[in-house]
Amino acid sequence: MEIIDGKKISQEIKEELREKAAEQKSRGEERCLAVIQVGSDPASTVYVRNKKKACEYIGIKSISYELPEETGEEELLEIIRGLNEREDVNGILVQLPLPEHINEERVLSTIAPKKDVDGFHPVSVGNLSIGRPGYVSCTPAGVIQLLKRSGIEIEGKECVVLGRSNIVGKPMAMLLLRENGTVTVCHSRTKNLKEITRRADILVVAVGRPKFVDADFVKEGAVVIDVGIHRNPGGKLCGDVDFDNVAPKASAITPVPGGVGPMTIAMLMANCVNGIGG
Ligand code: NAP
């Protein structure tokens, strides 16, 4: 059984991007990411800080907007429209979740698709589904990189995605399809869930429930990718997969932490450096 090392793979990607960003800079093409946070949710603050740190490491300029919780929707949209127009800004990221009085869909749809480095704009999602170049959501893109860089072939494989959220499950399914996998998507209304997940050569779990998947869900020799992140009251992290129970049955598996988690920021950086279709 192989433990897929997301920390190592994300570091490899970051080194490649650092070189590319330095080349771009030497041609006078420095990339710039605008990061917007509304309110002071502690988890969001940590994510935003890590994104800014990653930009600094890669050699991408970052500008940040830390807006108070009570910021109005129109005020936020105006900032985004301004950034859409700025030629020196290549990427715009609005940290989610937003306060309740702000309509998330309206905000994400206001980001120009050519600067939508999170890949959440309906145009980006549409481009992914019809096979056109466009930004791809970072976490599922990271899963594809983990598989490819671990030498795991996707073409022709039975791929099962557990979860159908807009940010993970659905784009994950589209990406596996683009790589010529045979894809099944499961969700809370799926009947005979274990029968379906046990068909998977590659099982991607994004169900949002701690240690939901045990060995009973998994075929002998399957590749198991765990997207979930949960923190128990003691501060320890675990995933959607019961790692100790599933690992002996899998041919390869991602741990939590150190699996999919570090890939998300690496792919955000890749989107910033490579641009659309990169
Ligand atoms: P989500 O929006 O809560 O979606 C969960 C999905 O799982 C839904 O499609 C839901 O089905 C399905 N589901 C829930 N309970 C189920 C059950 N008992 N049986 C079958 N399906 C069930 O979660 P998400 O945003 O996709 O995130 C999933 C996990 O990934 C979370 O733990 C999150 O923290 C983590 N995450 C990690 C990263 C990263 O960087 N590594 C990034 C994003 C998310 P319905 O659609 O029918 O409700």
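**Exercise 1. Ligand contacts to the backbone**

Task: Find which polar backbone atom lies 3.4 Å from an oxygen atom of the ligand.

Solution. Step 1: An oxygen atom of the ligand and a polar backbone atom of V227 are 3.4 Å apart. Step 2: The protein covers 71% of the ligand's accessible area, which is 930 Å² for the ligand on its own; such areas come from the Shrake-Rupley method with a 1.4 Å probe, and for residues only the protein chains shown count as cover. Step 3: A polar backbone atom of I229 is 3.2 Å from an oxygen atom of the ligand. Step 4: For H187, a polar backbone atom lies 3.4 Å from a nitrogen atom of the ligand.

Before going on: this is a predicted model, in which local features need pLDDT of at least 70, side-chain atom pairs count only at pLDDT 80 or more, and totals for chains, interfaces and linings use all residues. Residues are numbered from 1 along each chain as its sequence is written, and side-chain values use heavy atoms, with hydrogens and water left out.

**Exercise 2. The shell around the ligand**

Task: State how many residues surround the ligand, and sort the shell by class.

Solution. Step 1: The ligand is surrounded by 23 residues, where a residue is near if one of its heavy atoms lies within 4 Å. Step 2: The closest are R164, S165, S188, R209 and T264. Step 3: The shell has ten nonpolar, ten polar and three charged residues. Here Ala, Val, Leu, Ile, Met, Phe, Trp, Tyr, Cys and Pro count as nonpolar, Asp, Glu, Lys and Arg as charged, and the others, Gly among them, as polar.

**Exercise 3. E74**

Task: Find which side chain makes a polar contact with the side chain of E74.

Solution. Step 1: E74 belongs to helix α3, residues 73–85. Step 2: The side chains of E74 and R81 make a polar contact at 2.9 Å. Such a contact is a pair of N or O atoms within 3.5 Å; within protein, one must be able to donate a hydrogen and the other to accept it, and residues adjacent in sequence count only if both atoms are side-chain atoms. Step 3: E74 is partly exposed because its relative accessibility is 46%. Step 4: V107 is 33 residues from E74 along the chain, with 9.3 Å between their C-alpha atoms.

**Exercise 4. The aromatic pair**

Task: Is F217 buried or exposed?

Solution. Step 1: The structure holds one aromatic pair. F212 and F217 form this pair, with 5.5 Å centre to centre and 55 degrees between the planes, and the pair is tilted. Rings of Phe, Tyr and Trp (its six-membered ring) pair if their centres lie within 6.5 Å; planes under 30 degrees apart count as stacked, over 60 as edge-to-face and the rest as tilted. Step 2: F217 has 5% relative accessibility, so it counts as buried, whereas F212 is partly exposed at 31%.

**Exercise 5. Backbone angles in loops**

Task: Which residue does a cis peptide bond join to P97, and what is phi of N180?

Solution. Step 1: L96 is joined to P97 by a cis peptide bond, with omega about 0 degrees. P97 lies in the loop between β4 (91–94) and α4 (104–110). Step 2: V256 and P257 are joined by a cis peptide bond, with omega about 0 degrees. Step 3: Phi of N180 is near 70 degrees, a positive value in a residue other than glycine. N180 is in the loop between α7 (169–178) and β6 (182–186).

Key. Helices (H or I, at least four residues) and strands (E, at least two) are DSSP runs, numbered from the N terminus. Buried means under 20% relative accessible area, exposed over 50%, partly exposed in between (1.4 Å probe, protein chains only).
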